[in-house]
Amino acid sequence: MGSLLDKIDIILISTIRMSVPITLAAVAGVFSARAGIMALGLEGMMLAGAFCAALGSYIAGNVLIGLLAGIIGGVIISLFHGILTIRYKVDHVISGIGLNLLASGITTVLLQTIWGNRGNSPEVNSISPIHIPILGEISPLVCVMILVVILSWIVIFKTTFGLRLRMVGEHPKAASTVGINVNRVKYISVIITGILAGLSGAYLSIDHVNLFVREMTAGRGYIAVVVNILGRYNPVGALGGGLLFGFADSIQLVLSGDNIPGQLIQMIPYIVTLLVLMFAVRYIRPPAGLGKNVED
Amino acid sequence: MNAVEMHGISKEFPGVKALDNVDFSINKGEIHALLGENGAGKSTLMKVLYGMHQPNMGTISIKGKDVRINSPIEAIKLGIGMVHQHFMLVPVLTIAENIVAGAEPKNGLFFDLHKAISEVDKLAKDVGFTIDPRKKVEELSVGERQRIEILKALYRGVEILILDEPTAVLTPLEVKELFTTLRQLKQKGMSIILITHKLHEIMEVSDKVTVLRDGKTIGTVLPKDTSANELANMMVGREVKMGVKCRSTNVGDKLFEVQNLCLKNGDRFCLKDINLYLRKGEILGIAGVEGNGQTELIEVLTGLRKPDKMCLKIGEHEISNNAGADEFIKSGIGHIPEDRGERGLVLDMSIKNNCILGYHRINRFIKKGIFLNNVIGKYARHLIKTFKIKAVNEEIHVGTLSGGNQQKVIIGRIFAQNPEVVIAAQPTRGVDVGAIEYIHHKMIEFRDEGKAILLISADLDEIKSLSDRIVILYKGCVVAQGVTDDFTDTDLGILMTGGKISNEER
């Protein structure tokens, strides 16, 4: 009995922990999608965020600077995506995938040149957990995630910026005929995407663990794209989807002791992704202008 | 002092002079129609006024003040609003949100939805619209959406309203309602500019007409001093025969017969017990308010939709209910689709390829499964020539042609294959006067060869002038049929709106 309760406790805590990066990245995706930009580059933004956070923490020895560096890393990649898609009207899928490959390549090269190691960075300072009653020791970024979800929901659905954002994503021409500066709204949303995705990457490298590992995002950026859709392009939905995938991730920890091959267990999050894509996503209507480049 | 005065406006695009020294002015409280064929420069002129284009030459003054309008935002600030032909609305947002977006009422940092709703409500009541601002735009009909567009302009305090082809997408009833609204707005002192190429609308609603042709002002006239025919001549630049009755003199045997056609959608009948026939050398018109089963009828009679019950004969040959569209084509049934962009043409393909769509399997164009490029090219050039399609060559995308020329590609494709019967749905929708005249002429020529046409059109004038007989559809049933000239306009109006006893089930 006691061991079962223990297991539930482990699953609960680790579900929350695992849900942080996916939720943050999915909310990041919400801002892009609502502005009509397909955020397929989330994986790359997260990876850049994770790397820069580790680097920042390594150089400054300060996690806050690490966090800031991670955010900047995410924003750099997202701004690239923004400039390519908004200014040069590159296909969103191509730009996104291209930037993911770029981020993967650059972080590997920099790992080698800075630390002389292909696999991982040395250990760096990481964010120390805070104590919260009931839940116990938990990362402050969990609180940040919840705050981000609530604030994002308010911004998107309760402010004039949110209304304009949604209009731009649905029908950019309609938005521009009523005097909304479409490109400005798109750039703002792209930057918000970069901030949140960078934060999500930073969580992976200087909170979840305390070093950067090559390809440490392991497809979470792509999962976040799916969670974004599953959550109906809504931050609260993204949190729900994030928790679902956090749960799928955390079952691994509990099941891995038993007699199930490890490879099968590691497949769980990706299988959940496939199932979601097959069954849930079909009925969700994306913003009408998503991924489309409008000629001005 | 005029509300708007545009003087000597010229606008050049690379290679074309879209506007050449055009003058235009409108008074306060006036409905002024801007008439011209597609490409005459009406829309360009209005885009100049709305700040979407900058003129190369000329001056604009609003209420006596010289202005330069660099963007739609500046135009709105000067009190100019525009209702675009393709609505600028977001379907998933509410009416209120659509109307106030860009000039939202605020409550501190937040968007004040309640204030938006009450303001929109008040505005709508002022002009006599009954709408619920909380409803989403996607739930609205096309006519209602247009009202939302008008409200959007009014919300911004517009005094000069430009409407670009506002009736193109409306049903006749909605057109009436729109005109009532426009007259009301005029009473309130608004200046309304109506871009159109529909002559009877001008005669009905406008106070003044300015005719444009090839980017030049042809003249400004008062509708009461002129006639539809005269306007058509001004617009096209030569004598045009409008709505000439031309009845068939040589009607032969039954060629095409539909018996007991039933089509259900769920448990509701879309079409019920339709019986009709076409004889050689006649045009049968289907009259009815849109949405009374016309679309479904077209789809069944061209093999795009399987009926629940039907007996269809062409000559002696019976077509099975399970036949696909290709079998209908092979049996000699040509189809001019309702929506040319959707079903008639592949806009991103060349004229050449569009010329053989649906007939691409016939031996002439194919050898051992490979297209005979030269033969098809020659055929396309032949169609371009015979059907007077204005195009540089046969390789350009159909989407780059004007509506009239696109329609001619379809007409050419069908008629050149010599079908027995043509199902012609809205053959002249969104087509300019010159092309309408040409298409009607071709249809009559085809009829006189002893073929038959089933004409489905929302334009009652077109039905009356072309058809030898008329069938009236109401809620999926034939409520009356007979010789065209036996029906008066009032009769048709009553029958089309279900005025007589109908034995349909609900």
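In chain B of this predicted model, B:A425 stands opposite B:I456, a residue of strand β22(B). Strand β21, which covers residues 421-425 of chain B, runs parallel to β22(B) and is joined to it by five bridges.

- Six strands of chain B form an open sheet with mixed pairing, and their order is β18-β21-β22-β15-β23-β24.
- The edges of this sheet are taken by β18 (333-336) and β24 (477-483) of chain B, each of which has a single partner strand, so that one side of each is left without a neighbour in the sheet.
- From one strand to the next, the twist averages 15°.
- Helix α15(B) packs on the sheet, where it touches β15, β21 and β22 of chain B, and its direction makes about 145° with that of β22(B).
- Strand β15, made of residues 282-287 of chain B, is also parallel to β22(B), with five bridges joining the two, and within this pairing B:L284 stands opposite B:L454.
- Together, β21(B), helix α15 (residues 433-448) of chain B and β22(B) make a β-α-β unit that is right-handed.

**How β22 of chain B is enclosed**

- How many of the five residues of strand β22 (residues 452-456) of chain B are buried? Five of the five are, and the strand is therefore largely enclosed by the rest of the structure.
- In a regular strand, the side chains alternate between the two faces of the sheet.

**Helix α8 of chain B**

- Helix α8 of chain B spans residues 228-236, and its buried residues are B:L231, B:A232, B:N233, B:M234, B:M235 and B:V236.
- These buried residues of α8(B) pack against several elements of chain B, namely β3 (31-35), α7 (199-205), β11, β12 and α15.
- Just after α8(B) comes B:G237, which takes a positive phi of about 90°.

**Two helices that cross in chain A**

- The axes of α9(A) and of helix α12 (residues 268-280) of chain A come within 10 Å and cross at roughly 35°, and the crossing in which α9(A) passes α12(A) is left-handed.
- On the side of α9(A), the contact is made by A:I223, A:V226 and A:L230, while α12(A) contributes A:P269, A:Y270, A:T273, A:V276, A:L277 and A:A280.
- Sorted by class, the residues in the contact of α9(A) with α12(A) are eight nonpolar and one polar, with no charged residues.

- A:Y233 lies in the loop between α9 (220-230) and α10 (235-255) of chain A, and its phi is near 55°, a positive value in a residue other than glycine.
- Is A:Y233 buried or exposed? With a relative accessibility of 6%, A:Y233 counts as buried, because the cut-off for a buried residue is under 20%.
- B:D214 is found in the loop between β11 (208-213) and β12 (216-221) of chain B, where its phi is near 50°, again a positive value in a residue other than glycine.
- B:D214 has a relative accessibility of 58% and therefore counts as exposed.

**Two buried residues of chain A and their contacts**

- A:F212, which lies in the loop between α8 (182-208) and α9 of chain A, has 0% relative accessibility and so counts as buried.
- Leaving aside residues up to four places away in sequence, A:F212 touches A:L47, A:A50, A:F51, A:A54, A:T107, A:L111, A:G119, A:N120, A:S121 and A:S205.
- A:F212 and A:L102 are 110 residues apart in sequence, and their C-alpha atoms are 17 Å apart in space.
- A:R166 is found in helix α6 (residues 160-170) of chain A, and its relative accessibility of 8% means that A:R166 counts as buried.
- Not counting residues up to four places away in sequence, A:R166 touches A:R34, A:I156 and A:F157 of chain A, together with B:L93 and B:E97 of chain B.

Methods
Residues are numbered from 1 along each chain as its sequence is written. Chains are lettered from A and ligands numbered from 1 in the order in which they are written. This is a predicted model: local features need pLDDT of at least 70, side-chain atom pairs count only at pLDDT 80 or more; totals for chains, interfaces and linings use all residues. Side-chain values use heavy atoms; hydrogens and water are left out. Helices (H or I, at least four residues) and strands (E, at least two) are DSSP runs, numbered from the N terminus. Buried means under 20% relative accessible area, exposed over 50%, partly exposed in between (1.4 Å probe, protein chains only). Two strands pair if DSSP finds at least two bridges between them. A crossover is right-handed if, with the strands pointing away from the viewer, the path from the first strand over the helix to the second runs clockwise. Axes are lines fitted to C-alpha atoms, for helices over the stretch in contact, and angles run from 0 to 180 degrees between N-to-C directions. A crossing is left-handed if the near helix is turned anticlockwise from the far one by less than a right angle, and right-handed if clockwise. Contact means heavy atoms within 4.5 Å. Ala, Val, Leu, Ile, Met, Phe, Trp, Tyr, Cys and Pro count as nonpolar, Asp, Glu, Lys and Arg as charged, and the others, Gly among them, as polar.
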